[in-house]
Amino acid sequence: MIAVPTTPRARSAYLTAAGLLLIAGAWWYGSTTPIHPLSQDEAGTLWLVVIGVGAALARSFHLSRHPTGQWRQGAADGEPGLVLTPVSDRVLTGIWFAVQLPIIARWARLNDGRELVFAIGWTLLTLGLLWVVVRPAHGSARQIVINASGVRVHRRHFPWSQIRSARLNSGSGLRLETTDGALRLRGAEYRMRDTDIAGVLQYYLDHPERRGDLAHLTAAPPELRSH
């Protein structure tokens, strides 16, 4: 029976080893079974890419319809408040990783310098995607933090007196208007609807008497949550 890795370190090591083996396998297949232009093998490679892209788009649509991001209680700038952290979807990134493998195999026959450049370039791209799968984005660099003293966005702190409004963009995303200019945010990066983020920010901008609650709330107030 194969043991399933349970700790984050073990899972990262397992995913890294599996990803590197898949990349090595794509190189091996492409070099031992050359995929010639306009051949049946190349058509099969193209279909694999199309299927992968379709799966990635379907996953993206599913995530957009089922947001999972949440405000959580946390300390930032030395003061407790609500924190919204970027969320990476490993499944979606894993699908994009898999899409690159048949492309690597296509160029790995290395008949000329052009194919070598394409093969190395796609391999570097795939290694980058593997890194995202192994170490998904969850750091504090792009967090949104709101507390009694103000709002911190991407390591920039704005007192409430410097914030003018939080409004939706005409296309997608939202704009946090401050006295220093406008900051553009995307709810998709946090797996949350743009309207929900803008609603929470605007609520505490309009209700200064409620900002003291931010120190002990475990999530956004019930009246601001989507149903």
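**View 1. A salt bridge joins the side chains of Glu 115 and Arg 106, with 3.7 Å from N to O.** The model shown here and in the following views is predicted. Both partners of this pair are covered: Glu 115 is buried, with a relative accessible area of 1%, and Arg 106 is buried at 8%. Glu 115 also forms a salt bridge with Arg 109, and here the closest N and O atoms are 2.9 Å apart. Arg 109 has a relative accessibility of 17% and therefore counts as buried, the limit being under 20%. Through shared partners, the salt bridges link Arg 106, Arg 109 and Glu 115 into one network.

**View 2. Arg 59 and Asp 89 form a salt bridge.** Side chains of opposite charge can pair when their charged atoms come close. In this pair the closest N and O atoms are 2.8 Å apart. Arg 59 is partly exposed, with a relative accessible area of 23%, while Asp 89 counts as buried at 12% relative accessibility. In total, the structure holds five salt bridges.

View 3. Helix H4 (residues 113-134) supplies the largest share of the patch, with four residues.

**View 4. Helix H5 spans residues 194-206 and has 13 residues.** From its first C-alpha to its last, H5 reaches 18 Å, close to the 18 Å expected at 1.5 Å a residue. The buried residues of H5 are Asp 194, Asp 196, Ile 197, Ala 198, Val 200, Leu 201, Tyr 203, Tyr 204 and Leu 205. Several strands are included in what covers these buried residues: E2 (79-84), E3 (144-147), E4 (150-153), E6 (163-168) and E7 (174-178).

Terms used. Residues numbered from 1 in each chain as written. Predicted model: local features only at pLDDT ≥ 70, side-chain atom pairs only at ≥ 80, totals over all residues. Heavy atoms only, no water. Helix = DSSP H or I, 4+ residues; strand = E, 2+ residues; numbered from the N terminus. Expected span 1.5 Å × (residues − 1). Buried < 20%, exposed > 50% of the residue type's maximum accessible area, 1.4 Å probe, protein only. Contact = heavy atoms within 4.5 Å. Salt bridge = Lys/Arg side-chain N within 4 Å of Asp/Glu carboxyl O.
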